[in-house]
Amino acid sequence: MKATLHEIENDMRYLKLLSQSFPTIADASTEIINLQAILNLPKGTEHFLADLHGEYKSFQHVLKNASGNIKRKVNEIFGNELRESEKKELCTLIYYPEEKLELVKASEPELDDWYHITIHQLVRVCRDVSSKYTRSKVRKSLPEDFSYIIEELLHERTDDVDKAAYVNVIISTIITTGRADDFIIAISHVIQRLAIDLLHILGDVYDRGPGAHIIMDILSGYHNWDIQWGNHDILWMGACAGNEACICNVIRLSLRYANLVTLEEGYGINLVPLATFAMEHYGDDPCDEFMPKTNGGSGEIDDKTRRLTAQMHKAITMIQFKVEGAIISRHPEWSMDDRLLLRNIDYTKGTCTVNGKEYEMKSCCFPTVKADDPYALTPEEQTLIDRLRHSFTVNEKLHKHIRLMLSHGSLYTIINDNLLFHASVPLNDDGSLKEVELYNGMTFSGKELMNRVDRVIRSAFQNDTEPQDKAFATDYFLYLWCGRDSVLFDKSKMATFERYFLKDKETYKEEKGNYFKLRDDEKVCDNILNAFGVSGPNRHIINGHVPVHVMSGENPIKANGKLMVIDGGFSQAYHKETGIAGYTLVYHSRGFQLVQHEPFTSTEDAILRGSDIKSTTQIVEMSAHRMLVADTDIGRELKKQIADLDKLLYAYRHGFIKERR
């Protein structure tokens with residue numbers, strides 16, 4: 001009791017503040033009862049996605065079907081009550097209620113009867129997915145128009161004889177008042193929302209696919225999510241901050257995949273000046289190496305557009321090399337001088353020297369490059385990059401999306417004994433954490449490196465950052481994109497120049513960093529988890545970034561289950577390489593399930609034919625007991641709150657604090 005008295009005396013200031021929220025013994029006791037009850041609810045379902053790369057239609061569908069979690073629920077609830085075709089129809093209705101209703105109304109002869117049966121089914125599904133949550137949390141997720149009605153239906157059952165008529169009358173009245181469509185749409189969206197408690201995006205919303213801006217708009221309205229920034233996200237963040245090399249890379253990648261939708265339609269970036277410049281300076285250049293790839297989601301393009309795209313592609317690439325050279329020259333500490341390859345070109349011989357060895361070039365047509373000063377921008381290039389920089393830095397919608405990434409994101413997250421990050425933790429050859437220089441000769445490793453880099457990124461967008469610090473932060477986005485020891489790259493080099501201009505494919509090789517070489521070693525993963533302070537008997541590292549080559553037999557589960565890689569290739573550009581269309585991960589109260597997806601056909605096909613993404617579920621790890629909120633980070637926090645409320649009760653009962661009735 002003396003220890004308790006000592007604790008009370010030490011915590012008096014905090015307890016007095018707490019008493020303002022709970023002014024009586026009854027209030028404090030009620031809150032303790034409520035929190036204890038929450039601790040014994042099943043753990044909410046977490047949904048992990050990575051490397052979306054602008055594939056917004058696939059993303060929308062996976063979000064709507066919760067990686068098959070809703071289908072699993074429907075199968076569990078209805079079992080043999082419904083035929084497989086009926087369960088498929090019900091799932092499609094839940095995913096796309098507005099569109100599916102139009103089809104049903106055009107073909108269903110007994111519509112009122114269909115409404116009655118379907119609403120009963122939807123209520124059963126909604127009751128199941130809401131069972132993990134308190135009434136208060138469910139109530140907050142309900143649409144205002146139908147909040148009271150849905151709540152009544154969720155908590156009254158037709159197998160209760162006394163309430164059966166009550167429930168049936170509610171449903172019948174919904175139909176007779178003409179609100180059936182609105183109700184079905186509303187409850188379907190509630191089911192989608194309650195099926196997933198927390199969404200984790202492990203990086204790379206941007207590039208390749210056509211709808212990164214649409215994904216960001218969807219996330220802006222999603223109920224609970226976080227993101228661990230990927231290298232492609234950082235590229236767009238750098239462009240938004242005004243890093244000219246990032247701006248050029250963003251445009252180059254868009255042109256490479258013949259996908260200008262996000263740039264032009266999503267953010268309204270005007271590329272006409274670039275097109276004009278490209279036609280003027282590269283009009284006679286065949287630009288063969290710069291012909292766009294058309295498997296990135298934009299389909300085939302006509303020859304004229306293809307030719308102009310290639311010219312623009314080469315024009316922005318040459319400007320990119322020049323502005324990268326200026327940034328690299330400002331930062332000798334990055335040790336990236338070996339990437340300044342424009343100065344190694346022998347125009348007479350048509351060769352370029354890389355790492356002391358001479359290689360033949362594919363072409364040597366550089367109309368804007370001066371042999372004696374290859375990294376100098378021409379006046380026209382300078383004007384163009386100035387205009388592009390202005391377009392990115394004042395773009396209101398882009399800034400809104402980047403702020404969203406900053407407020408919901410970080411380089412890494414630790415949650416429920418899982419360490420989430422997009423790409424890498426730099427390691428030495430022996431698997432120990434590598435010390436990496438960040439600035440002013442100061443070196444950091446592991447968790448502290450991630451924390452420091454996170455602060456640098458944020459400082460680029462803060463008004464109170466000192467000018468020299470903001471300049472460094474803006475430049476640093478380039479290092480994050482392609483620096484050897486970057487936590488988002490971790491390779492020997494980015495062989496952009498070599499792939500475009502050198503014939504010998506030996507020069508294309510980008511040696512992976514030690515993290516990628518050693519991450520299948522359980523001891524290495526344990527060392528990383530220890531360094532980040534991740535504890536618990538079932539702890540994991542979860543990554544994206546590197547596509548899993550399923551066709552070659554690669555397993556996404558590594559290090560004896562300690563590490564899971566969930567980038568199987570959402571982007572269409574990866575499908576031939578990986579053989580699948582991505583992995584997602586579901587972590588519910590009974591354990592982890594890894595879901596392998598085949599390519600998504602189309603939203604139209606999903607609605608008309610009820611075709612879902614064909615998915616294979618692999619049980620990664622099942623818990624011996626059903627995990628409760630008490631087993632989670634939130635549970636640990638609630639236990640602390642209960643302990644504080646117990647102290648407040650003691651203070652009330654022993655006269656340290658007076659009740660305010």
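## Basis of the description

The model is predicted, with local features requiring pLDDT of at least 70 and side-chain atom pairs counted only at pLDDT 80 or more, while totals for chains, interfaces and linings use all residues. Residues are numbered from 1 along each chain as its sequence is written, and side-chain values use heavy atoms, with hydrogens and water left out.

## Helix packing

Helix α6 (residues 84-95) packs on helix α8 (residues 111-129) at an angle of about 75°, and their axes are 11 Å apart; this makes α6 roughly perpendicular to α8, a word that covers 65 to 115 degrees, with under 35 being roughly parallel, over 145 roughly antiparallel and the rest oblique. Axes are lines fitted to C-alpha atoms, for helices over the stretch in contact, and angles run from 0 to 180 degrees between N-to-C directions. Helices (H or I, at least four residues) and strands (E, at least two) are DSSP runs numbered from the N terminus. On the α6 side the contact (heavy atoms within 4.5 Å) is made by Leu90, Leu93 and Ile94, and on the α8 side by Trp114, Thr118, Gln121, Leu122 and Val125. Six of these residues are nonpolar, two are polar and none is charged, where Ala, Val, Leu, Ile, Met, Phe, Trp, Tyr, Cys and Pro count as nonpolar, Asp, Glu, Lys and Arg as charged, and the others, Gly among them, as polar.

Helix α2 (residues 12-21) and α28 pack at an angle of about 90°, with axes 10 Å apart, and are therefore roughly perpendicular to each other. Tyr14, Leu15, Leu18 and Ser19 of α2 meet Asp644, Leu645, Lys647, Leu648, Ala651 and Tyr652 of α28, a set that divides into seven nonpolar, one polar and two charged residues.

## The second largest pocket

The second largest pocket holds about 700 Å³ of space. On a 1 Å grid over the protein atoms alone, a pocket is an open set with protein on both sides within 12 Å along at least five of seven lines, a cavity is a set of points where a 1.4 Å probe fits but cannot get out, and lining residues have an atom within 4 Å of a point. Grid points are joined across faces, edges and corners, and a volume is the space filled by probe spheres set on the points.

Among the 32 lining residues of this pocket, Tyr133, Lys137, Asp197, Asn224 and Ile634 are the closest to its centre. Two or more lining residues come from each of α3 (25-39), α9 (135-141), α12 (180-195) and α28 (633-653), and the lining has twelve nonpolar, eleven polar and nine charged residues.

## Cavities

There are three cavities of 30 Å³ or more. The largest cavity, with about 60 Å³ of space, has a lining that includes Tyr206, Asp207, Arg208 and Trp236.

The second largest cavity has a volume of about 40 Å³, and its lining residues include Lys73, Asp128, Lys132 and Tyr133. Helices α5 (69-78), α8 and α12 each give two or more residues to this lining.

## Salt bridges

The whole structure has 33 salt bridges, each being a side-chain nitrogen of Lys or Arg within 4 Å of a carboxyl oxygen of Asp or Glu. Lys357 lies in strand β6 (residues 357-360) and Glu506 in the loop between α23 (496-501) and α24 (514-518), so the pair ties together parts that are 149 residues apart in sequence.
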